[in-house]
Structures are given as structure tokens and as C-alpha cells.
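Good morning, colleagues. Please turn to the structure on the screen, and I shall begin with the ligand.

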Amino acid sequence: MQYDKNNPFYKIINKEIKTNIVSEGKHYLAFNDITPKAPVHVLIIPKGNYVDYNDFASNASDEEIIDFNRGIAKIVKLMKLEANGFKILSNAGKFTLDGEKGQEVMHMHVHILGKSSEE
Ligand code: AMP
């Protein structure tokens with residue numbers, strides 16, 4: 001699938017939409033989900049234009065992939081998620097289970113869901 005710049009995460013990267021940034025690296029940005037499904041619900045996105053996880057894993061550089069994954073570890077630490085455990089999830093395309101929605105925003109993102117040990 002061709003990357004379409006008309007999506008909210010492209011606009012967040014280009015500062016056309018404001019968001020609550022949790023962490024930023026050379027190749028990634030992380031911010032709070034606008035409709036949180038857990039006490040902590042952070043979205044991490046690559047700054048490069050990738051449609052979904054498969055596009056990113058297939059076509060991003062090693063440096064981008066490492067920076068992104070280290071970013072997840074930084075967020076887990078920053079948000080104090082380790083003690084209570086956490087989930088990471090990436091919807092790709094229209095696949096669903098149990099009536100859940102498939103991918104809605106066509107810019108690669110990973111959901112990080114958990115609960116801070118400080119709550
Ligand atoms: P997905 O179904 O995996 O594509 O999830 C897209 C997620 O993006 C949803 O959880 C939305 O709540 C979230 N979302 C959409 N627009 C924004 C935005 N402007 N800022 C933060 N989160 C957003």
C-alpha cells in the first residue's frame with residue numbers, strides 16, 4: 001500500500017497537529033493516545049513514512065529499527081510499566097479479532113499499554 005500523507009500522525013510529525021509528547025528520538029516520536037484504553041496508553045511512531053509494521057520491518061534502515069525499539073524500552077522505563085507488566089500491539093490492515101477494529105491510522109504505530117507502578 002502506498003503511504004498517504006493525509007493522516008494525523010504525519011501531521012503530528014510535521015507539527016500541524018499538537019500532541020502530548022512523551023519521548024522523542026532521532027527516528028521516533030511517542031505521545032499519549034487521544035482515546036486511552038489503559039491507564040497508560042502511549043503510541044510510538046517512526047518519523048519516516050511507513051504504512052504499517054510490515055512496511056517498517058521490511059524497508060526501514062537498521063538504525064531506524066534499533067532507535068524505534070530502544071524507544072519502546074525508554075517509554076517502559078519512563079512510564080514505570082515494568083513492575084505491573086505491559087502490552088505492545090500494532091494493528092496492520094483490516095485484520096480483526098472479536099469484532100475489534102483494524103488499523104485506522106495508516107502510519108505505522110505501536111500501542112504501549114500498561115499501568116504505572118506509581119499509581
Ligand atoms: P489503530 O486502530 O491501531 O490504527 O489506532 C489508532 C489510534 O490512534 C487510536 O487508538 C486513536 O485513539 C489514536 N489517535 C488518532 N488520532 C490521534 C491523535 N491526533 N493523537 C493521539 N492519538 C490519536
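A polar contact here is a pair of N or O atoms within 3.5 Å; within protein, one must be able to donate a hydrogen and the other to accept it, and residues adjacent in sequence count only if both atoms are side-chain atoms. The model is predicted, so local features need pLDDT of at least 70 and side-chain atom pairs pLDDT 80 or more, while totals for chains, interfaces and linings use all residues. Residues are numbered from 1 along each chain as its sequence is written, and side-chain values use heavy atoms, with hydrogens and water left out.

Which backbone and side-chain atoms meet ligand oxygens? A polar backbone atom of Gly 102 is 3.3 Å from a ligand oxygen, and a backbone N or O atom of Val 105 lies 3.0 Å from one. From the side chain of His 109, an N or O atom is 2.8 Å from an oxygen atom of the ligand.

Around the ligand there are 16 residues (a heavy atom within 4 Å); Asp 33, Thr 35, Glu 104, His 109 and His 111 are the closest.

Let me turn to a salt bridge, meaning a side-chain nitrogen of Lys or Arg within 4 Å of a carboxyl oxygen of Asp or Glu. The structure holds 4 of these. In one, Glu 24 pairs with Lys 47, with the closest N and O atoms 2.8 Å apart.
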